[in-house]
Structure formats: structure tokens, C-alpha cells
Amino acid sequence: MAIRHGLLALLADGPRHGSRLRIEFAACTGSSRPPGAGRVRAALGRLERDGLVTPEDVDGAGRVLYALTDAGRAEVRAWYARPVERAGPSRDELVIKLVLAAGAPGVDVRQVVETQRRHVSEALHDHVRRRAEALSHPPGSPAEVARLLVLEQLVWHAEAEVRWLDHCEARLLRLGLARDTGAEK
């Protein structure tokens, strides 16, 4: 529900039209691409249907400005107050790839792991560099603090993925599901 609640949180600062919400959502989450216009339009339609936003006005360009309702403000407060659930199996593409590669004939699952580890290690290096640049001067605005938090999440996530890939490789070796071409990790 990230886009739904993200849009509500952005609207807590005042009415916005969909294209501005798309740009602000991408900026505050550190994404290089905003969510698709159709996705934002559909989310705003559902939020309106659910009584959480209302069309307030139309700007000079004919774009509808959406505003939070009282129920929308209550939903944003409730969202901030509850933890994010991470239960259930992941639909992460990497997890799916490794699970399927482990049993696929002719696929060297250890090579799949190594290719991913190399890719994530390069990304980690880039994230650490960008974080160091961001920390070279104290954040002066909420947007800079948000950018720093996103960069730190990227660093932590990449570090965790590298550790998980190391674990996967060791597990595969112990189970005899991968060729051992070196010392076990």
C-alpha cells in the first residue's frame, strides 16, 4: 500500500494534482522514476472512492487538485502509528530466480549467486559514495534528510543482500547443490 499511503502523506501538506504528486513521490523516495500517471490516477480514484481525498479545485491547466478529508488525515496518522508488516514469502525476483536455478538442469546456481553479488557490491559502492557526499555537509532541509535516509536504506539493504548471497552460496555448497571451486564461506 506504499503508493496509497505515500500520496495521502504528501497531501497532508496541502492540495496537489496528480502530476505534482508523482514528482514529489519520486523525489522523497529517492526514485529516479516517478510512479506511472495511470497508477497515481487509479490510486487517487480509489482514495476518493474510499472517502480519504476529495477533489477540491481545478488549477489553471485544468488539473484536479486533491485534498485530504478528515478520514484521510486520520488514515495518515494511523499509517504512521502502525508497523510495516513483512510477513509472508517474498515475491522478490532474486529469490524466485535462485529458487528456480537451484533445481534447473544446466544452470550453475553458484554463478547466478556470484553474478548478483558482483552487481550488488558495485551498487553498494555507489550508494556509500553518494551517502558520503550527502554527509559532507549537514542536511539543511527536510528533503535532504529524506534523501540521506533513502541512501542509508539502500546501503543497509545492499549490505544485507551481500550477506544473504554469501549465506546462500555456503548453504548450496553444504547441500552439494553447487560446484565447490574454492573455500567454503
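Trainee: Is Arg129 buried, partly exposed or exposed?
Mentor: Arg129 counts as partly exposed, at 38% relative accessibility. Buried means under 20% relative accessible area, exposed means over 50%, and partly exposed lies in between (1.4 Å probe, protein chains only). This is a predicted model, in which local features need pLDDT of at least 70, side-chain atom pairs count only at pLDDT 80 or more, and totals for chains, interfaces and linings use all residues. Residues are numbered from 1 along each chain as its sequence is written, and side-chain values use heavy atoms, with hydrogens and water left out.

Trainee: OK. What does the side chain of Arg129 meet in a salt bridge?
Mentor: Asp126, at 2.4 Å from N to O. A salt bridge is a side-chain nitrogen of Lys or Arg within 4 Å of a carboxyl oxygen of Asp or Glu. Asp126 is partly exposed too, at 26%.

Trainee: How many residues apart are they in helix H6?
Mentor: Three, and that separates Arg129 and Asp126 by about one helical turn. An α-helix has 3.6 residues a turn, so residues three or four places apart point the same way. Helices here are DSSP runs (H or I, at least four residues), as are strands (E, at least two), numbered from the N terminus.

Trainee: How many salt bridges in the whole structure?
Mentor: The search finds 15. One of them joins Arg118 and Glu114, at 3.5 Å from N to O. These two are four residues apart in H6 (residues 109–135), again about one helical turn. Arg118 is partly exposed at 41%, and Glu114 is partly exposed at 25%.

Trainee: And what about Asp166, which residue does it form a salt bridge with?
Mentor: Arg117, with the closest N and O atoms 2.5 Å apart. This pair links distant parts of the chain: Asp166 sits in helix H7 (residues 142–174) and Arg117 in H6, 49 residues apart. Asp166 is partly exposed at 24%, whereas Arg117 is buried at 7%.

Trainee: New topic. Which residues of H5 are buried?
Mentor: Leu94, Leu98 and Ala101. Seen down the axis of H5, they fall within an arc of 70°, so they line one face of the helix. The arc is that of the directions from the helix axis to the C-beta atoms.

Trainee: What do they pack against?
Mentor: H6 and H7. The face of H5 turned away from its buried side carries the exposed residues Glu93, Val99, Leu100 and Gly103.

Trainee: Which residues of the largest nonpolar core touch the most other members?
Mentor: Leu7, Leu8, Leu11, Leu44, Leu47 and Val53, out of 16 residues. A nonpolar core is a set of buried Ala, Val, Leu, Ile, Met, Phe, Trp, Tyr and Cys residues joined through side-chain atoms within 4.5 Å. Helices H1 (2–11), H2 (18–29) and H3 (37–49) and strand E2 (64–68) each give two or more residues. H1 gives the most, five.

Terms used: Contact means heavy atoms within 4.5 Å.
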